[in-house]
Amino acid sequence: MGEAVARFWREIPQRYNLIANKCTVCDKIFFPPRDACPYCRRKSIGKMKDVKLSGRGEVVTYSVVHVAPENFEEQVPYVIAIIKLEEGPQITAQIVDCDVKDVHIGMKVEQTFRRIQEEGYTGAIYYGYKFRKAKT
Amino acid sequence: MREVAVIGVGLTKFGELWDKSFRDLIAEAGSKAIIDANIEGKDIDAIYVGSMSSGRFVGQEHIGALVADVSGFSYTHIPATRVEGACASGGLAVRQGYLSIASGMHDIVVVGGVEKMNDVGGTSATETLATAADQEWEAFFGATFPAIYAMIATKHMHDYGTTKEQLAQVAVKNHANGALNPNAQYQRPIKLDAVLNSTMVASPLGLMDCSPVSDGAAAIVLCALEKAKRYTDKIIKITGSGQASDTLALHARRDITTLDATVHAAKKAYKQAGVTPKDIDLAEVHDCFTIAEICAIEDLGFVKKGEGGRAVEDNITTLDGSLPVNTSGGLKAKGHPVGATGVAQIVELVLQLRGEAGKRQVKGAKRGLAHNVGGSGATCTVHILEAV
């Protein structure tokens, strides 16, 4: 791909640490963080506050990916899912460390820090969140 | 607002068209529409063209002017504008053309849609299509475009008991229709087993649940209704035009299996046309994947939420059913040159409403609906057309 690296490191707070933000007008939490709350709109400007998410949630839906882009080819078949985090936001991420057949809607999961994709043998490696079956 | 009619339509064949370039395709569709409309170049006030990603597919941007140029309009200096909304680019172009006439600014406008997808390899085409999804928060983590629709399918099956067989039946029906369409990419019927046993792409969707990579172009000529009689006796009126947006990423939606953009665009179009879903005789809907057609017939109000799979199983949407859907073969069998799709849907409705759809003609069709979606539902247009 050969993009400038800035577009990847500026996402570090979210991709490494699940930093979300909260509208202090209505208390709704957004991930990724939003500049304005889509419910309170102009009232929320300047009133969005960073919060760290727990990384715990459950599977809303999923798919087992068999045909993947080049940067993900080594990982197939892998599970991609939408996860509802316990603070409210829903995110898209992989479910790992389990048999793909064990993944189901409602499964409790927790965040883990992993390699997401790599640009071939010599390109950049990108890290971020994946999820695994919750231990508790 | 002035009323607007479609007075001409043109379509290239859809498929893997190795001997045709991006420029050839749009010029061919445009010329056919202009000849069909019985207008001359000097009559045209403006051009709108929908294309999702000419930059990535053929390395060419600035295609508004390009399309005017290759169609022979550069020295008339008429405005030519490219419109983009991923796979809904065509529907958006139709709406922009419609608005420009309704507003009183223009009298006659040519709307085109085009995509040349086979000049890049399959992997590159798939990656380009994925740019319709949220690149930062979906694709980055490994969500492919089929996987996003597959997640809608998983949830639909879980919540409503929709089956893989019902999904497959959408493909079977659309191939049966495509077999009757001389411009379709796939003109052969297929069996249910072929869909069910096709290579898994993103579970539960196999290769035959997915629309293909296609080349093709479509064009229509729009005209102020009050002037349309000068050119044709077979006037097809646009009675409703709705457009709506939603979050780019599927995960941020109100409901995973409902495309709220479809619901809202449809509501606006029905209201403007003064009709309800029951008044629609046939529909061209955005079946980029089989599950998408099931969601579409629900979100457009033809059946209740959750009953789309059953409706397909009960043959309600076949050519001889009570509501024929995708008589053209849909994106699945007719092909899906993304920017062309929304315009091609209008072409199919016009042919049906004129009674010129040949072997796939829906008898007595008076009112049709076209539904075009961008991405996994972040953009949607709905148009309602009626024979005058």
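**A tour of strand β10 in chain B**

Select strand β10 of chain B, residues 367–374: 8 of its 8 residues are buried, so the strand is largely enclosed by the rest of the structure. A residue is buried if 20 or more other C-beta atoms, placed from the backbone, lie within 10 Å of its own. Strands (E, at least two residues) and helices (H or I, at least four) are DSSP runs, numbered from the N terminus. The model is predicted: local features need pLDDT of at least 70, side-chain atom pairs count only at pLDDT 80 or more, and totals for chains, interfaces and linings use all residues. Residues are numbered from 1 along each chain as its sequence is written, while chains are lettered from A and ligands numbered from 1 in the order in which they are written.

Next, display the side chains of β10(B). In a regular strand, side chains alternate between the two faces of the sheet. One side carries B:Arg367, B:Leu369, B:His371 and B:Val373, and the other B:Gly368, B:Ala370, B:Asn372 and B:Gly374; all are buried.

Strand β9(B), residues 282–284, runs parallel to β10(B) and is joined to it by 3 bridges; here B:Leu282 stands opposite B:Gly368. Strand β11(B), residues 379–387, runs antiparallel to β10(B), with 8 bridges between them, and B:His383 is the bridge partner of B:Ala370.

Move to the hairpin of β10(B) and β11(B): 4 residues lie between the strands, and B:Gly375 takes a positive phi near 65°.

Finally, show all of chain B, which has 14 helices and 11 strands. Its C-alpha trace spans about 55 × 45 × 40 Å along the principal axes.

Conventions:
A residue is buried if 20 or more other C-beta atoms lie within 10 Å of its own, exposed if 12 or fewer, and partly exposed in between; C-beta atoms are placed from the backbone. Two strands pair if DSSP finds at least two bridges between them.
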